[in-house]
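Here is a short report on one protein model.

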Amino acid sequence: MAKQKPTFFEVSTYTGSLREGGEISIQRHMIYRGERADFKPFLNVAIKELEQRLKDSKTKEKKVYDQLQEAAKAWDEHGAQTLLLQKAIEYLKVPAVTHTSNEWKKQKDGSWKISNMVYKMTFSITRSGMDWKLVWEVSYMAPSLQVGYRGYERTPRERIDYEGSKKYKTLDGAQKYVQLKFDQYSSYFKELSPPVPAEAKDLFSVNGQLLQGYALERPGAKKKEVTLSDLLNCLEDGDTIQPKTPTTLAPPTATPPTEKVQSVKATTELKKETPLKKPAPHRKPLHKKKSAPVR
């Protein structure tokens, strides 16, 4: 095969790209090589004729360009369908959350958790020197959080309410406070799939669509609030309460207690404490509520 004679132009090696469902690019870049050009055919031709040839050549070039644009428009429909299918498959692949069906379940680390498709509440009570340290949290159980569609620092936040450094002199004092906080949020745990607050819609949406099995909360629905009087009724004489920590959730520093809390020696012998309890179902007014022991 005869070797091809070098021409006065080259076309760049990058001629375009295709990103399915996202972008199509067709690019041709001409590079002039003057040392290979041959002007001899034009030496005896009038300038006006050469200018007319140039005009005709540009007209044909524009025609080819218009044809390419029409061909590119044919991609729009197919590209859009590819995009829609990609997003729909991502949506359908999001796994359902694993929850406790609104039942308190003890975890391997000794903490307790109750959860459904939308909310979860956890708490742990552990020894901290001579005191009992309480850590509790209420947060969303959004499926999109499990597969990385949302970052923890983005709005809305996963966490709804949290306290990480409350200390009590007695286990019973800590238990009473946990019971109060559960009463405050008990309405969250009456259905397997409670209505999603409008401000949290993005947490339960993937690719702009609310996930299957969820419904938005009706406008005007209000959650029950706990008063300062309710909080004070849960305190015992001798309980010491530290201020609410602002943001960071720290893991317990001591081993979570077992069902029967044994006597602990610090500088003096402490008496045996009552068994650690899970919050009781919310059935009576807050100022009359009592917790039932774990069975």
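## Overall make-up

The protein chain has four helices and 11 strands, taken as DSSP runs of at least four residues (H or I) and at least two (E), numbered from the N terminus. The model is predicted: local features need pLDDT of at least 70, side-chain atom pairs count only at pLDDT 80 or more, and totals for chains, interfaces and linings use all residues. Residue numbers start from 1 along each chain as its sequence is written, and side-chain values use heavy atoms, without hydrogens and water.

| Property of the protein chain | Value |
|---|---|
| Contacts (heavy atoms within 4.5 Å) at separation of 6 or more that link residues 24 or more positions apart | 63% |
| Accessible surface (Shrake-Rupley, 1.4 Å probe) | about 20100 Å² |
| Share of that surface on carbon and sulfur atoms | 54% |

## Core

A nonpolar core joins buried Ala, Val, Leu, Ile, Met, Phe, Trp, Tyr and Cys residues through side-chain atoms within 4.5 Å. The largest one holds 34 residues. Met121, Phe123, Ile125, Leu134, Trp136 and Phe204 touch the most other members. Strands E6 (112-115), E7 (119-128) and E8 (131-140) and helix H3 (171-184) each give two or more residues.

Which residues does Phe204 touch, not counting those up to four places away in sequence? Among them are Met117, Val118, Tyr140, Pro143, Val196, Leu211 and Tyr214.

## Hairpin

Strands E2 (residues 16-19) and E3 (residues 23-26) run antiparallel, joined by four bridges. Pairing requires at least two DSSP bridges. Arg19 stands opposite Glu23 in E3. Three residues lie between the strands, and Gly21 takes a positive phi near 75 degrees in this hairpin.

Conventions
Buried < 20%, exposed > 50% of the residue type's maximum accessible area, 1.4 Å probe, protein only.
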